[in-house]
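Hello,

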Amino acid sequence: MIDSLPPGVLLIVGAGVLPMLSGRWRSVWTLLLPVASGLQLWGAFPAGTSRTFELLGYPLTPVQADPLSLVWGYIFHLAAFLCALYAWHVRDLVQQVAALIYVGAALGAIFAGDLITLFVYWELTAISSVFLIWASRSERSYRAGMRYLIMQVGSGVILLAGILFHYRDTGSLAFGDAFHKILAPLPLASDGQFLGLNSPGTALIFLAFGIKAAFPLLHNWLQDAYPEATVTGTVYLSVFTTKLAVYALARGFPGTGILIGIGATMAVFPLFYAAIANDLRRAMTYILNNQLGFMVTGVGLANFARHPEVAQLAINGTASHAFAHILYEGLLFMALGAVLYRSGTIRGSQLGGLYRSMPWTAAFCLVGAASISAFPLFSGFVTKSMIVSAAAEQHQTAVWLALMFASVGVFLVAGIRIPAVTFLGPQRGPRLAEAPGWMLAAMASSAAFCLLLGIWPAPLYALLPYPVEYKPYTAAHVITQLQLLAFTGLAFATLKLRGLYPVERAAINLDSDWFFRKPLPAVVGGLYRWGVALRAGVSRVGEAVLVEALTWVKKHCGPPGLLGRSWSTGGMVIWAAMLLGAYLILYYL
Amino acid sequence: MEERHDQNDRRHLKQMVSALGVLCVLLGGADLVYHKHVHFDFEYWLGFYGGFGFVSCVGLVLGARLLRKLLQREEDYYDR
């Protein structure tokens, strides 16, 4: 019975039980469900499993488990458990239900073997996750949530349009079954076996994935909405939506050349914002965007037709980086969330010196920072370098340099700036309590995974779709990476000492959301006012014309008017006689 | 109190810079004692990675300062 339920459905159905439970039992339930669902995935869906059925004549594949989807399946379950542990204190039913449905939908989408199933889960992740933003219950979060929902549902609608076009062109609804068929030790996939970017339909699907993956200029819903979610909501959000998009790209569009440029751009430009954003959770979402850039580049480099060996390295790099990233990014958001939970603010300009009050949170934050900065012995070191190596193997110099620059930037912002602003310097405000036990437990577990993956990457490598020949711990890799990091640190310290590093300031920075938050409302508002004025003008003129016409009619047809007044019988007889006379005369002429 | 903190901070920072400087020299020197297998010729340049890290970091910070000049607004900018 249990293996007839597709992965994720257990969580969605289980969310329905939550309203019947109360208090602590609800938290226990949110912890147990990911465990049960994870065991179900492990036991009932080994690589190669698929379930197919027909609905209204369309073949649907709700389950397609293969080495690619399983990597995401496992890490999503682990993250769901850690998030639930972190959110132990939450008694808000809306958040608890939304989080479970959101995780379930993301898992359902990961194992979707056809595009219709993918679409259904794609929309469900959007609709469920917005409640994690609205749960902040403020005007700001309501508005940010609305903008988020428009982008996310828009992505779903574009996806559906793309699917319809694609189905009309090819008659196929299959999603990435090439991977399913060829995830053998040496795949010989050609371009045609993936969706590929080759028709209007696939272009729309690509665009829909791109919105959710926060491509440049389609990215800003991420930085706009995530920092407005609740303390625990942001941690959930940081894990699922964007990594689902990366997965979808990896499944549908590996080796699509344009992704290399998009990914490299994504890895670089958010850093400039991250370096100055005052809301530290916002700064971290820019970093999240940058990390997605690495993964998107990896997907673009995975050209199975031209460089099959490098493609395997790139896909392995993307999958393993997504795995490691979910853990350290989640950890960093947890640490910042704990600071927000205790201090009530996450503005850099109001924080400082918290290592005294929250030493454990600070320590775990540093583990996350070291992992994201790819310090040797931490998780980023053994995963990100695979993507960078894939770029080098293909001799993509510009891309390689961009990724190295991005590595420097990540260390500068997530490795140095955010921990320093939060935990070092003079303490502002009153002394705070350390984060509560359940948050510490979630952070400690995440930190332990970050270290474990960094020190002993073999189990993660064994989980990857292709056999791993990559050796992260070579003298050259360790030393060059340490050089990069040490000199970045030196540059930061020098700039700081000379007062050249921008000080924290209570302000915001304009990003692409400006276009639809300032000019667009102004244009729409202007058009609206113009329309109102036009309508008023038209009705005023129309009214005047009508009044004029009525006056005229009244004048001529009213009781005193020429056509309206009653005439005497004698007068009428004279007129009749005159007409008859005129007729007689005309007749004789 | 604030001032003393600032002075302390500066002293710490200076110590940190010195320590980092020593570390950087050591790491840079390490380039001489092992053989690299690399993909790009410029990776053979002595201290390439260190130099790249330093220059990138300075470039990023200066770029961010410029960005801030152009795009920074009051916190209630969107609420007005």
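**The interface between chains A and B**

In this predicted model, chain A and chain B bury about 5,100 Å² between them, 73% of it on carbon and sulfur atoms. Buried area here is the accessible area (1.4 Å probe) that two parts lose on being put together, summed over both. Chain A brings 57 residues to the contact and chain B brings 47 residues (contact: heavy atoms within 4.5 Å).

There are 11 residue pairs in polar contact between the chains, both residues at pLDDT 80 or more. The elements of chain A that give two or more residues to the side touching chain B include α12 (258-274), α17 (397-423) and α20 (475-497); helices are DSSP runs of H or I with at least four residues, strands are runs of E with at least two, and both are numbered from the N terminus. Of the elements on that side, α20(A) gives the most, with 19 residues.

One salt bridge is counted between chain A and chain B (a side-chain nitrogen of Lys or Arg within 4 Å of a carboxyl oxygen of Asp or Glu). Arg347(A) forms a salt bridge with Glu75(B), with the closest N and O atoms 2.5 Å apart.

β3(A) pairs with strand β1 (residues 72-73) of chain B in the antiparallel sense, over two bridges; pairing requires at least two DSSP bridges between the strands. Opposite Ile508(A) stands Arg73(B) in β1(B).

Residues are numbered from 1 along each chain as its sequence is written, and chains are lettered from A in the order in which they are written. Local features need pLDDT of at least 70, side-chain atom pairs count only at pLDDT 80 or more, totals for chains, interfaces and linings use all residues, and side-chain values use heavy atoms, without hydrogens and water.

Regards

Definitions and conventions
Polar contact = N/O pair within 3.5 Å; in protein donor to acceptor, adjacent residues only side chain to side chain.
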